[in-house]
Amino acid sequence: MTTLSVVVPAYEEPANLQRCLSALDRQPAEVVVVAAGSDHTDEVARDHPACDIVVRDDGRGPGAARNLGVDAASGEIVLFTDADTVVPPAWVRTHRRHYDNPDVVGVGGPARPLEDSLRHRALFKLLSDYWYRVSWPVGFVQQPTFNCSYRRDAFEAHGGFDETLPFMEDTEFSLRLKDHGEVVYDPETEVATSARRERDEGYLSLFLMYARAYVSHYVRGRRVRARYFDSQ
């Protein structure tokens, strides 16, 4: 029987983590929380019945935190979500079904906003669902870390997330992995995640930042590497 683990990085997220773990409770997977910061996030994780393992992180960044979680996990399939995300009741099983195909090395899916406003709903649909549906078939595979999974042996064989990247480590790894197996996009795995970053930084600003990375990779033929993101 295939074993599964969910890795949840949480940097000073006690309230959001409580909600995230409640959504994972009783799903068929081991849950690993990678806690960082000076608040009580690790205590919330230890006290929650859904959490199996708590790892303390020194705040080296999102890629390092997720790699640390994989190191602590025991599952053959490793799923990722974020502390400010709520997964649906069948989320683990929906990801798991794709791995019956031995060619599948990863699965990703969309998100809708936790904040219930027409603006957020419309823009999330455009940028988190329709954009993925268009870009994946042409080879620009992006497994967002609020909703993705990997076959563990493939994840480890290809080095995991690049710990030097301050953001978009998920896209960079997806682009590396897609050449080594099938990466599936499944809209039925949709999660609900916070739109606070989009609210604070602006949809247009984020879109332009990501678009520059896409152009750098595909139009200019450059690999997405740490030096690019460090310059942003």
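Start by selecting Phe80, Tyr150, Phe155, Phe161 and Phe173, which ring pairs link into a cluster. Rings of Phe, Tyr and Trp (its six-membered ring) pair if their centres lie within 6.5 Å; planes under 30 degrees apart count as stacked, over 60 as edge-to-face and the rest as tilted.

Before going on, note that this is a predicted model, in which local features need pLDDT of at least 70 and side-chain atom pairs count only at pLDDT 80 or more, while totals for chains, interfaces and linings use all residues. Residues are numbered from 1 along each chain as its sequence is written, and side-chain values use heavy atoms, with hydrogens and water left out.

**The aromatic pairs**

By the ring rule, the count comes to 11 aromatic pairs. Keep phenylalanine 80 and phenylalanine 161 selected: their ring centres are 5.4 Å apart and their planes stand at 75°, so the pair is edge-to-face. Phenylalanine 80 lies in strand 4, and phenylalanine 161 lies in the loop between helix 6 (152-157) and helix 7 (169-177), so the pair ties together parts that are 81 residues apart in sequence. Helices (H or I, at least four residues) and strands (E, at least two) are DSSP runs, numbered from the N terminus. Both phenylalanine 80 and phenylalanine 161 are buried. Buried means under 20% relative accessible area, exposed over 50%, and partly exposed in between (1.4 Å probe, protein chains only).

Next, select tyrosine 150 and phenylalanine 155. This aromatic pair is tilted, with 5.5 Å from centre to centre and 45° between the planes. Tyrosine 150 counts as buried at 1% relative accessibility, and phenylalanine 155 counts as buried at 4%.

Serine 174 counts as buried at 0% relative accessibility. Leaving aside its neighbours within four places in sequence, serine 174 is in contact with Val141, Gln142, Gln143 and Tyr150. Contact means heavy atoms within 4.5 Å.

**Strand 1 and its partners**

Now select strand 1 (residues 4-11). Of its 8 residues, 7 are buried, so strand 1 is largely enclosed by the rest of the structure. Show strand 4 (residues 77-80) as well: strand 1 and strand 4 pair in the parallel sense over 4 bridges. Two strands pair if DSSP finds at least two bridges between them. The bridge partner of valine 7 in strand 4 is phenylalanine 80, the residue that also belongs to the ring cluster.

Tyrosine 11 stands opposite alanine 36 in strand 2. With helix 1 (residues 14-24) shown too, strand 1, helix 1 and strand 2 make a right-handed β-α-β unit. A crossover is right-handed if, with the strands pointing away from the viewer, the path from the first strand over the helix to the second runs clockwise.

In the loop between strand 1 and helix 1, select glutamate 12. Glutamate 12 is partly exposed, with a relative accessible area of 35%. Not counting residues up to four places away in sequence, glutamate 12 touches Ala36, Gly37, Ser38, Asp39 and Thr41. Aspartate 42 is 30 residues from glutamate 12 in sequence and 8.8 Å from it in space, C-alpha to C-alpha.

**Helix 3**

Select helix 3 (residues 62-72), where Gly63, Ala64, Ala65, Arg66, Asn67, Gly69 and Val70 are buried. The buried residues of helix 3 pack against strand 1, strand 2, strand 4, helix 6 and helix 7.

Move to the open sheet of 3 strands in the order 5-10-7, where the pairing is mixed. Strand 5 (85-86) and strand 7 (111-113) stand at the edges, each with a single partner strand, so one side of each is left without a neighbour in the sheet. Strand 7 pairs with strand 10 (residues 191-193) in the parallel sense over 3 bridges. Here the bridge partner of arginine 112 is alanine 192 in strand 10. Helix 5 (residues 118-135) lies across strand 7 and strand 10, running at about 160° to strand 7. Axes are lines fitted to C-alpha atoms, for helices over the stretch in contact, and angles run from 0 to 180 degrees between N-to-C directions.

**The whole protein**

Finally, clear the selection and show everything. The protein has 10 helices and 10 strands, and buried residues make up 54% of its 232 residues. Among contacts between residues at least 6 apart in sequence, 74% join residues at least 24 apart.
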